[in-house]
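This report covers a protein chain whose sequence and model are shown below. Please keep both in view while reading.

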Amino acid sequence: MAFWFFIGFIILLRLGELSLARRNEQWLLQQGAVEYGRKHYPVMVALRTRFIWSMIAEYLIRGAGHYSLALLVLFLFLLAMKAWVISTLGKFWNTRIYRAPDFPLVKKGPYRYIKHPNYLIVIAEIAVILLVFHLWYTAVIFSVLNACMLYVRIREENKALDM
């Protein structure tokens, strides 16, 4: 039962993020923002969708019913970190890569310390979400796939930020 509550929570979080991203996208476009990395976005969406399906499949196949309370607490910490990133970027936060002219790059909050804090959080989130329920196979596979996606995505984002 805990797994289904957890997976439902993850799905609701992702849907909430997509809703926020759409609202921010509308504002960004009104500001004259340009989208970068458009080609890889459908692959990223497919990867995130398959992440959820694979998590469910491994759970059903392996029947891992127990969970790690320590990793669940770590996941909640990662959510707080992601909230910090999202609140710092405000209307500039998005699941797509946009660059709006006449706006300086955000250099406050976690961006004072590192260039891409959200991606570090996403890397940790993928592993931790899966390892809360000891879903090792999916954790390894999606950590590798996510690393490949982030390699492409960070390159695209750096191009947009350098303009």
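The model is predicted.

**Helix packing**

| Helix pair | Axes come within | Crossing angle |
|---|---|---|
| Helix 1 (residues 2-30) and helix 4 (residues 117-132) | 11 Å | roughly 155° |
| Helix 2 (residues 41-62) and helix 5 (residues 136-161) | 10 Å | roughly 175° |

Angles over 145 degrees count as roughly antiparallel. With a crossing at roughly 155°, helix 1 is therefore roughly antiparallel to helix 4. The crossing of helix 1 with helix 4 is left-handed. On the helix 1 side, Phe6, Ile10 and Arg14 make the contact, and on the helix 4 side Glu125, Ile129 and Val132 do. Sorted by class, this contact of helix 1 with helix 4 holds four nonpolar and two charged residues, and no polar ones.

For the second pair, the axes cross at roughly 175°, so helix 2 runs roughly antiparallel to helix 5. Helix 2 contributes residues including Tyr41, Met44, Leu47, Phe51 and Met55 to the contact, and helix 5 contributes residues including Trp136, Tyr137, Phe142, Leu145 and Met149. Charged residues also take part, among them Arg48, Glu58 and Arg62 of helix 2 and Arg153 of helix 5. In the contact of helix 2 with helix 5 there are eleven nonpolar, three polar and five charged residues.

**Aromatic rings**

How many aromatic pairs does the count come to? The count is 13 aromatic pairs. One of these is the stacked pair of Phe3 and Tyr59, with ring centres 3.7 Å apart and 5° between the planes. Phe3 is in helix 1 and Tyr59 in helix 2, so that the pair links distant parts of the chain, 56 residues apart. Both Phe3 and Tyr59 are buried.

The pair of Trp27 and Phe92 is edge-to-face, because the planes of the two rings stand at 85°, with centres 5.4 Å apart. Trp27 belongs to helix 1, whereas Phe92 sits in the loop between helix 3 (69-89) and strand 2 (97-99). These two residues are 65 residues apart, and their pair also links distant parts of the chain. Phe92 counts as partly exposed, at 31% relative accessibility.

One aromatic cluster is formed by Phe3, Trp4, Phe6, Phe9, Tyr59, Tyr67, Phe75 and Phe133.

**Asn118**

Is Asn118 buried or exposed? Asn118 has a relative accessible area of 15% and is therefore buried. Asn118 lies in helix 4. Beyond its neighbours within four places in sequence, Asn118 is in contact with Lys82, Val85, Trp93 and Tyr111. The C-alpha atom of Asn118 is separated by 15 Å from that of Lys91, and the two residues are 27 residues apart along the chain.

**Positive phi angles**

Most residues other than glycine have a negative phi. Asp102 has a positive value, near 70°. This residue, Asp102, is found in the loop between strand 2 and helix 4, and at 78% relative accessibility Asp102 counts as exposed. His134 also has a positive phi, near 60°. His134 is found in the loop between helix 4 and helix 5.

Methods. Residues numbered from 1 in each chain as written. Predicted model: local features only at pLDDT ≥ 70, side-chain atom pairs only at ≥ 80, totals over all residues. Heavy atoms only, no water. Axes fitted to C-alpha atoms, helices over the stretch in contact; angles between N-to-C directions. Helix = DSSP H or I, 4+ residues; strand = E, 2+ residues; numbered from the N terminus. Parallel < 35°, antiparallel > 145°, perpendicular 65-115°, else oblique. Left-handed = near helix turned anticlockwise from the far one by under 90°. Contact = heavy atoms within 4.5 Å. Phe/Tyr/Trp six-rings, centres within 6.5 Å; stacked < 30°, edge-to-face > 60°. Buried < 20%, exposed > 50% of the residue type's maximum accessible area, 1.4 Å probe, protein only.
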